[in-house]
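Good morning, and thank you for joining. I ask you to look first at the structure on the screen before I comment on it.

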Amino acid sequence: MSGVRGSVLHATGRLIGMGPQAHVVLEGASQGIVQIEGPHDSKGQDLLDAACHLLGEKLRGESEKNVLAGDILGKLQELSVFYEASDALANAHDLHAVGQQVLSHAAQVIGFDWGGFVAYDSERSQARIVAVIGDPEGAPRTWRPVEPDSFTWLSLNAEEPVLLPEFSESERQRLRREIGPRAENAGSLLAIPTLSASCPVGVVLLVKRRGRPAFTSADAKLAGALATQAGVSVGHIQLHEGAKEMFFSTVWALASAVDAKDAYTHGHSQRVARYAGQLGRALGFDDDEIERLELSAVLHDVGKIGVPEAILNKPDRLTVAEMSVMKSHPEKGAEILSSIRAMRDIVPGVLHHHERYDGMGYPRGLKGENIPLQARIIVLADTYDAMTSTRPYRNALPSGIALDEVRRCTASQFDPRLAEVFAELIERGIIRPVEGPVVPSGRGGARS
Ligand SMILES: [Fe+2]
């Protein structure tokens, strides 16, 4: 087009003069008009048409490149979300954290107004919402049977995503029973099953309100990828929980076996763990610290495995030699537990639970705060249980008398600061004598 003066105007622009003009077309739509000044003949028009065609082709190439770049960028953003999600999910230690991570990452790649992660217990056929993004008001959080017409059930049963682009009134009512009042305004829904080793463990429920574009199959694919990662994470948590449960059951059985050797200490170790845990909680221990404390407390007498029953159950006064064997149980216990890596943190409580604050205890005669904290707590719990349970030589003392004894022995036997907190817990009725063995209910097995 050299030697030709021209202008490119927008399709709605004002044309100049009366020269030849032609549209630049991209994907069937005019992007603008080119007009040149000069005689309006067929040669000029043909030349202009050819030039505009070339211009359209050029634009199409650029446009495809831009679309391609946009696609790649979009995929990169999705991949980075999945990458972050896999990291976050690997560190999730419970179902709530898994649900929270899945939903927050889904929110970055899929637009939705309400999202919930429903945990599913296949053994009991029950489900409960463990995490919500959006308005959590009214979402049922307790374990409930899965209703056969619920969207949770539909997706679990189909083992593939359920995509509902619009709602009938009856479907909305069904969703209301499932997620609460947020269903009233629901316009479309995605329900993605989460599987672990082919076993259903949960559902990701995403809802868009009325008036917004419905979920697409592309959304279902993205949510499905996140749900797959969540399934792996839930599988790890279940394995971990299973191993932990087995560990604590074994510890519990071991403590019971120790108590069973002594005719008068049935349930003693478990009660000591309970009282120690209650004191630890009052002192502000976190869950992991409570867990270690309760473990140490429930196994404090494990060394009695090595003490003959004739000594443990002797109704008369022990001889000096027998007393020496009896007093070896903290060291025997520490020796047994030191060989187990997972138990090393609890050895100090076991080894030193017969030390006294005034330094007159055993096996090391440690004094004051040189005695490990675990042991200073266990000695209070141990003594309190010994006083409030029946022994061969006396009946159980009332809690009030035990309280007086705790106060009387403050600073000689017990750490004064801990004894005061312990005494307050007795006065407030939080710590009170428990009959028989305590039923395990928490991570450390001694939670009330
Ligand atoms: Fe002991």
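This is a predicted model: local features need pLDDT of at least 70, side-chain atom pairs count only at pLDDT 80 or more; totals for chains, interfaces and linings use all residues.

Residues are numbered from 1 along each chain as its sequence is written.

The protein has 14 helices and nine strands; these are DSSP runs numbered from the N terminus, helices being H or I with at least four residues and strands E with at least two. Of its 448 residues, 37% are buried.

Please turn to E294, in helix α7, residues 287–298. E294 is buried, because 33 other C-beta atoms lie within 10 Å; the term buried requires 20 or more other C-beta atoms within 10 Å of the residue's own, placed from the backbone. From E294 to G349 the C-alpha distance is 9.9 Å, although 55 residues separate them in sequence.

How do α7 and α12 cross? Their axes, which are lines fitted to C-alpha atoms over the stretch in contact, come within 10 Å and cross at roughly 55°, α12 being residues 373–388. On the α7 side, L293, S296 and A297 make the contact, and on the α12 side Q374, I377, I378 and A381; contact means C-beta atoms, placed from the backbone, within 7 Å.

Note on methods:
A residue is buried if 20 or more other C-beta atoms lie within 10 Å of its own, exposed if 12 or fewer, and partly exposed in between; C-beta atoms are placed from the backbone. Axes are lines fitted to C-alpha atoms, for helices over the stretch in contact, and angles run from 0 to 180 degrees between N-to-C directions. Two residues are in contact if their C-beta atoms, placed from the backbone, lie within 7 Å.
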